[in-house]
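Please keep the sequence and the structure open while reading.

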Amino acid sequence: MNTMLRKSVLGIAGLAFTGGVFAGPIAAHADAAPVHSTKPVAVSVQGAQSKIDLNDEQTANAKAIIAATKKAGLPERAAVISIATSLQESKLENLGHLGDANDHDSLGLFQQRPSSGWGTPEQITDPEYSTLAFLKGLKQVDGWQDMPLTEAAQTVQVSAYPDAYAQWEQQAADIVAHNWNS
């Protein structure tokens with residue numbers, strides 16, 4: 001780790017520690033009622049995080065996922081799980097058939113398979129449809145709201161790489177936080 005990066009990390013860690021030392025005792029004795037966030041977008045980010053720069057198409061697809069989540073009447077956490085899943089599966093690109101590079105007959109933002117009952121190729125490559133199909137599966141997972149993102153996503157997707165979804169949680173949470181109310 002280079003010196004400047006190390007100093008930055010140590011400086012941030014020091015500020016966090018100092019804030020905890022001073023705020024902890026005050027918060028521990030506060031009589032105020034507990035504050036419950038209405039935006040539990042990230043339960044607990046696990047492991048090293050990945051991040052990509054999004055182009056206009058990827059941003060539009062992320063916004064389509066958020067719109068479909070709202071249409072389904074689900075909270076921001078569902079959008080975070082959906083976007084993180086799509087980041088892993090397709091980097092938020094609405095992929096058609098990739099020929100020899102294709103994983104079976106996987107298509108779209110979530111790499112869903114017509115042969116597995118996700119829908120027709122036309123449906124699966126429609127961002128709203130594919131998101132609603134993913135969310136339908138997510139709603140069937142007991143306790144998905146409180147489980148680690150990678151566990152919730154894996155239960156729906158049944159991927160060969162079950163832990164891969166976790167690396168996108170922070171970027172997905174940031175995307176949702178930035179776009180949920182716009």
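## Aromatic pairing

Two rings of Phe, Tyr or Trp (for Trp the six-membered ring) are taken as a pair if their centres lie within 6.5 Å, and the pair counts as stacked with planes under 30 degrees apart, as edge-to-face with planes over 60 degrees apart, and as tilted for the rest. By this rule the count comes to 1 aromatic pair. Phe 110 and Phe 134 make up this pair, which is stacked, with 4.9 Å from centre to centre and 10 degrees between the planes. The pair links distant parts of the chain, since Phe 110 lies in the loop between helix H3 (76-90) and helix H4 (121-124) and Phe 134 lies in helix H5 (residues 127-139), 24 residues apart. Helices here are DSSP runs of H or I with at least four residues, strands are runs of E with at least two, and both are numbered from the N terminus.

Phe 110 is buried, with a relative accessible area of 0%, and Phe 134 is likewise buried at 0% relative accessibility. Buried means under 20% relative accessible area, exposed means over 50%, and partly exposed lies in between, with a 1.4 Å probe and protein chains only.

## Basis of the model and its confidence

This is a predicted model, in which local features need pLDDT of at least 70 and side-chain atom pairs count only at pLDDT 80 or more, while totals for chains, interfaces and linings use all residues. Residues are numbered from 1 along each chain as its sequence is written, and side-chain values use heavy atoms, with hydrogens and water left out.

The mean pLDDT of the protein chain (the predictor's confidence in each residue, from 0 to 100) is 80, and 71% of the residues reach 70 or more. Confidence is lowest in helix H1 (residues 3-28), with a mean of 40, and highest in H2, at 98. Over residues 1-40 pLDDT stays under 50, and for this stretch the model has 7 contacts beyond four places in sequence, a contact being heavy atoms within 4.5 Å. Where pLDDT is low, the predicted coordinates should not be read in detail.

## Overall layout and core

The protein chain has 7 helices and 0 strands, and 37% of its 182 residues count as buried. Among contacts between residues at least 6 apart in sequence, 62% join residues at least 24 apart.

A nonpolar core is a set of buried Ala, Val, Leu, Ile, Met, Phe, Trp, Tyr and Cys residues joined through side-chain atoms within 4.5 Å. The largest such core has 35 residues, of which Ile 81, Ile 83, Leu 138 and Trp 144 touch the most other members. Helix H2 (56-71), H3, H5, helix H6 (149-157) and helix H7 (169-179) each supply at least two residues of this core, and H3 gives the most to it, with 7 residues. Leaving aside neighbours within four places in sequence, Trp 144 is in contact with residues including Leu 74, Pro 75, Ile 81, Leu 138 and Ala 152.

Thr 69 lies in helix H2 and is buried, with a relative accessible area of 0%. The side chain of Thr 69 reaches the backbone oxygen of Ile 65 at 2.8 Å. Beyond four places in sequence, the contacts of Thr 69 include Leu 74, Pro 75, Thr 131, Leu 135 and Trp 180.

The charged end of Lys 70 sits over the ring of Trp 180, at 5.0 Å from its centre; for this, NZ of Lys or CZ of Arg must be within 6 Å of the ring centre and within 35 degrees of the ring normal.

H6 is mostly covered, with 7 of its 9 residues buried, among them Leu 149, Ala 152 and Val 156. The buried residues of H6 pack against H3, H5 and H7, and H6 is followed by Val 158, whose phi is positive, near 55 degrees.

In the loop between H3 and H4, Leu 92 has a positive phi near 65 degrees and is buried at a relative accessible area of 0%. Gln 111 lies in the loop between H3 and H4, with a positive phi near 50 degrees and a relative accessible area of 12%, which is buried. Gln 145, in the loop between H5 and H6, is partly exposed, with a relative accessible area of 38%.

Note on methods. Polar contact = N/O pair within 3.5 Å; in protein donor to acceptor, adjacent residues only side chain to side chain.
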